[in-house]
Amino acid sequence: MFILFCTYFYSFEKETGVLNVSGAGDMDDYSLANYSPFMNHTEIKSVVIGSGITRIGEDAFYECTNLSDLTISDTVTNIGTEAFYKCGSLTSITIPGSVIRIGESAFDGTGYYNTDGNWENNALYIGNVLIAGGRNGKYIIDNYVYSGEVEGVYAVKPGTRLIADWAFYQCKKLTGITLPAGLKGMGSGVFWGCSSLTEAVIPEGVTSIPDNCFLNCTSLQSVTIPNGVTFIGYGAFKKCSALTGVLLPDSLTALDGFVFEGCIGISSMKIPQGVTVIPRGLFSGCTGLETVDIGSAVTGIEDKAFEGCVQFRDITMPKSLTKIGTDAFKDCGTKIVIARVFTIKGYKGSYAASYASKNKIRFVALDQPTPTEKPTPTAKPKSNSNSSGKNRKEVIKGKAPKVKIKGKSGKISVTYTALKKAAGFQVRYKNGAGKWITKTFKAKTSATKTIKKLKKGRYKVQVRSFTKGKKTYSKWSKAKTVNVR
């Protein structure tokens, strides 16, 4: 028997019970309302997914209870939700290295899943893929209720390259997670509802944070996102109410909607230069958010992006901005009977300026002095020929020192090139959205200093010079972001 079905073919050999799937592209998705042609077929004993197939569809082999042998070609990159659900005879599974996404419960209820000896500390691995971080009593199989979840600080096995969708779903006793070097991807909702998780460090090599990744992690205080991440999915940090700040990497180019919705502890955020759109509901309900600096490439702010940010103080908008959606700033900068008080910072004649005028929002032009500033004097500076110290102000004022800054294991190294007449320099640094910490060093010439005993994370660092007695300061050097290991 040989059948044409959508973009792929399948053939079944009754004598051997072997089902061959071939063709090119994705298999179709199925459900309990739209049955797969293979669902509940007890005569299927072996399945071969041939070269050219790129995705095994959802519920494709649901309850093929006599399926015991499975071969998946290395063209497959995605295994859909419940693809092999309740295939009770399937006790041996090999997942090729080409697979980068495994849907929720893809192998739940298989013979492999039901074998207690395959679970290690309440976690289930298939080769170098973490399938589940707890059974959580979600399923009743053969009248047995599976239970148990990972607890405390859990270290994912070294060499793990992929974590399946919803792997740690509702692991409420999980307090910490150690993700291994070499991890390439995580699934949707992987830490959804881990309400005791306090910290997460995502390793280098991961390029995206999936949908709902940390949704409802209400104790999560800090997340380290490596440079190399280009995309953050829908609701990734939604309702992480304890989160105080996230340093978005320069590599980021896009975010989906409602990523930080309800993150009431975040007070400030900087959007990297590569991002072009502030998506719908990005900071909706962030009641503690005060300031946002938007990157120079942003062209649009979508609906409800900042809705309900009642503490909002100011936002910096680039010249590139051409669109602001409906209710983008609804209930921003308001407190009961107090009128809207936040400020938009932008450029004269820009879309931001006209939007502020139309909506009666205070506007400060970035290309002219603010109302509280005096214009910079245009008089020529005095000669610096006098070396007595009287003219030190003109020597370093308006300049910034040259520096080299490196992040190391537990410390930051700063190599400073002194400005003329400078008596020393200051280094200020902060982790994420935390407060600036300033260290002062005396140095009339070039010097290298080290700031020690730092926690792991991404730090912003700036340096400035000062004259004797700290009477005059130079400009701060351009902020540099470094990783402390």
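Me: How many cavities of 30 Å³ or more does the structure hold?
Reply: The model is a predicted one. It holds two cavities of 30 Å³ or more.

Me: How much space lies in the largest cavity?
Reply: The largest cavity has about 120 Å³ of space.

Me: Which residues lie nearest its centre?
Reply: Ser105, Asp108, Ile131, Ala132 and Asp165 lie nearest the centre of the largest cavity, out of 16 residues that line it. By class, that lining has nine nonpolar, three polar and four charged residues.

Me: Now the pockets. What volume does the largest pocket have?
Reply: The volume of the largest pocket is about 730 Å³.

Me: And how many residues line it?
Reply: The lining of the largest pocket is made up of 26 residues. Those nearest the pocket's centre are Leu247, Met269, Lys270, Asp293 and Lys460.

Me: What is the make-up of that lining by class?
Reply: In the largest pocket, the lining has ten charged, nine nonpolar and seven polar residues.

Me: Which strands each supply at least two residues of the lining?
Reply: These are β24 (268-270), β26 (291-293), β28 (314-316) and β37 (457-466).

Me: Some of those names may return in a sheet. In what order do the five strands of the open sheet come?
Reply: The order is β24-β26-β28-β30-β31, with parallel pairing. At the edges stand β24 and β31 (362-365), each with a single partner strand, so one side of each is left without a neighbour in the sheet. Neighbouring strands of this sheet are turned by 10° against each other on average, direction ignored.

Me: How many bridges join β26 to β28?
Reply: Three bridges join these two parallel strands.

Me: Which strands form the open sheet of three?
Reply: That sheet has the order β20-β22-β23, and its pairing is parallel. Its edge strands, β20 (208-209) and β23 (254-255), each pair on one side only.

Me: Where is the bridge partner of serine 208?
Reply: Serine 208 has its bridge partner in β22, namely phenylalanine 231. Two bridges join β20 to β22 (residues 231-232), and the two strands run parallel.

Me: Where in the chain do phenylalanine 84 and phenylalanine 107 sit?
Reply: Phenylalanine 84 is in the loop between β8 (78-79) and β9 (101-102), while phenylalanine 107 is in the loop between β9 and α1 (111-114). They are 23 residues apart, and the pair links distant parts of the chain.

Me: Is phenylalanine 84 buried or exposed?
Reply: Phenylalanine 84 counts as buried, at 0% relative accessibility. Phenylalanine 107 is buried too, with a relative accessible area of 2%.

Me: What about tyrosine 416 and phenylalanine 425, stacked or edge-to-face?
Reply: Tyrosine 416 and phenylalanine 425 form a stacked pair, at 4.1 Å centre to centre with 20° between the planes. Tyrosine 416 counts as buried at 0% relative accessibility, and phenylalanine 425 is buried with a relative accessible area of 0%.

Me: One last topic, the backbone. What is the phi of glutamate 63?
Reply: Glutamate 63 has a positive phi of about 55°, although it is not a glycine. Most residues other than glycine have a negative phi. Glutamate 63 lies in the loop between β6 (53-56) and β7, and it is partly exposed, with a relative accessible area of 24%.

Me: And where is asparagine 212 found?
Reply: Asparagine 212 is in the loop between β20 and β21 (222-224). Its phi is near 55°, a positive value in a residue other than glycine. Asparagine 212 has a relative accessible area of 18% and is buried, because buried means under 20%.

Technical notes: Residues are numbered from 1 along each chain as its sequence is written. This is a predicted model: local features need pLDDT of at least 70, side-chain atom pairs count only at pLDDT 80 or more; totals for chains, interfaces and linings use all residues. Side-chain values use heavy atoms; hydrogens and water are left out. On a 1 Å grid over the protein atoms alone, a cavity is a set of points where a 1.4 Å probe fits but cannot get out, and a pocket is an open set with protein on both sides within 12 Å along at least five of seven lines; lining residues have an atom within 4 Å of a point. Grid points are joined across faces, edges and corners, and a volume is the space filled by probe spheres set on the points. Helices (H or I, at least four residues) and strands (E, at least two) are DSSP runs, numbered from the N terminus. Ala, Val, Leu, Ile, Met, Phe, Trp, Tyr, Cys and Pro count as nonpolar, Asp, Glu, Lys and Arg as charged, and the others, Gly among them, as polar. Two strands pair if DSSP finds at least two bridges between them. Axes are lines fitted to C-alpha atoms, for helices over the stretch in contact, and angles run from 0 to 180 degrees between N-to-C directions. Buried means under 20% relative accessible area, exposed over 50%, partly exposed in between (1.4 Å probe, protein chains only). Rings of Phe, Tyr and Trp (its six-membered ring) pair if their centres lie within 6.5 Å; planes under 30 degrees apart count as stacked, over 60 as edge-to-face and the rest as tilted.
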